[in-house]
Amino acid sequence: MLQDLLTRPRAAFGLFIIVLMVGAAVFAPWIMPHDPFEQSFDGLSLVGAPLPPGGDFLLGTDLLGRDLASRLILGTRTSLIIGVLANGIAILLGAGVGITAGYFGGWVGAILMRFTDLMMAFPALLLAIVLAAIFQPSLLIVALVIAMVNWVQMARVIYTETRSLAERDFITVQRALGAGHLRILLKHLLPHLLSSIVVFGTLGISTTVLLEATLSFLGVGVQPPMPSWGNIIFENQTYFSTAPWLVFIPGSAILLLALAFNLVGDALRDILDPTLKGRH
């Protein structure tokens, strides 16, 4: 699969960006040029304005004189942790609901899917803001909030595929042979659903990263002084006209990471879907 990804230029580019971002997150303590929380004495101009990129501060400083590059690197760790954790929880919850509802059907499926429809009726961003405002924001709480609004799409997709598979002859044969529900689910249904789960999970990380950045920008996500790309933009938005790099650089990082996961997810969908093989 990795070789297939590398033969596709757009997927290879996305994979390179992901590896670069993950490397920055893992090795953040060793590659940050400055302390991301230190308000440097030399970090502001004589009139108290942020310094532009260059010199000792590669990407400039923020409104408090802190090194922007160091805060972006540490913010990469924050965004990726929340993105992967939230997406993982959403996948487990969505796939669990979708498989259960699709396999058992009847009143079990009806109740689960009506609840899914109810959750889908709420605007995701508004629901996330309400939940984040109710609970004390932290990395875990923000991840759980994002997962609570992102699992419904996965549940709907997996439910549809499971319903189709559950009516196939090979499932009917397994039931006739006396196979238990757990064996059918794990041995015969899950392998057929795995490709969809992998693709949807990869694409979902970009959504969770964007939602985390939005919540942090609105002040209900990761709280300062812990940096995330969203709250870096929020803290420095008043300097948009005089120090635009404070907004454009973290904003570009958000868009680049989201684009990378989308490119890899699209390629995985083409590779894992037999009907799309051969297309680039």
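## How to read the model

Residues are numbered from 1 along each chain as its sequence is written, and side-chain values use heavy atoms, with hydrogens and water left out. Because the model is predicted, local features need pLDDT of at least 70 and side-chain atom pairs count only at pLDDT 80 or more, while totals for chains, interfaces and linings use all residues.

## The chain as a whole

Let us begin with the overall picture. The chain has 11 helices and zero strands; here helices (H or I, at least four residues) and strands (E, at least two) are DSSP runs, numbered from the N terminus. Along the principal axes, the C-alpha atoms fill a box of roughly 80 × 45 × 30 Å.

Of the 280 residues, 46% count as buried, where buried means under 20% relative accessible area, exposed over 50%, and partly exposed in between (1.4 Å probe, protein chains only). Contact means heavy atoms within 4.5 Å. Among contacts between residues at least 6 apart in sequence, 71% join residues at least 24 apart.

An unreviewed UniProt entry carries the annotation "domain: ABC transmembrane type-1" over residues 76-265. UniProt positions are given in the numbering used here, feature names are shortened, and annotations may be inferred rather than shown by experiment. In the model, residues 76-265 are 83% helix and 0% strand, with the end C-alpha atoms 20 Å apart.

The unreviewed entry also places the feature "transmembrane region" at residues 12-32, 80-106, 118-135, 193-222 and 242-264. Residues 12-32 are 90% helix and 0% strand, and their end C-alpha atoms are 26 Å apart. For residues 80-106, the span is 96% helix and 0% strand, and the end C-alpha atoms lie 39 Å apart.

## Helix 4 meets helix 5

Helix 4 (residues 68-104) packs with helix 5 at an angle of about 145°, their axes 7 Å apart. Axes are lines fitted to C-alpha atoms, for helices over the stretch in contact, and angles run from 0 to 180 degrees between N-to-C directions.

On the helix 4 side, Val97, Thr100, Ala101 and Phe104 take part, meeting Gly106, Val108, Gly109, Leu112, Met113 and Thr116 of helix 5. By class, this contact has six nonpolar, four polar and no charged residues; Ala, Val, Leu, Ile, Met, Phe, Trp, Tyr, Cys and Pro count as nonpolar, Asp, Glu, Lys and Arg as charged, and the others, Gly among them, as polar.

## A stacked aromatic pair

A search of the whole structure finds five aromatic pairs. Rings of Phe, Tyr and Trp (its six-membered ring) pair if their centres lie within 6.5 Å; planes under 30 degrees apart count as stacked, over 60 as edge-to-face and the rest as tilted. One of the pairs is phenylalanine 115 with tryptophan 151: the ring centres are 5.9 Å apart and the planes are at 20°, so this pair is stacked.

The pair links distant parts of the chain, with phenylalanine 115 in helix 5 (residues 106-121) and tryptophan 151 in helix 7 (residues 139-166), 36 residues apart. Phenylalanine 115 is partly exposed at a relative accessible area of 45%, whereas tryptophan 151 is buried at 3%.

## Two more residues to look up

Alanine 124 lies in helix 6 (residues 124-134) and is partly exposed, at 32% relative accessibility. Alanine 124 and valine 149 are 25 residues apart in sequence and 5.6 Å apart in space, C-alpha to C-alpha.

Histidine 188 sits in helix 9 (residues 181-217) and counts as buried at 18% relative accessibility. Leaving aside neighbours within four places in sequence, histidine 188 is in contact with Phe170, Ile171, Gln174 and Arg183.
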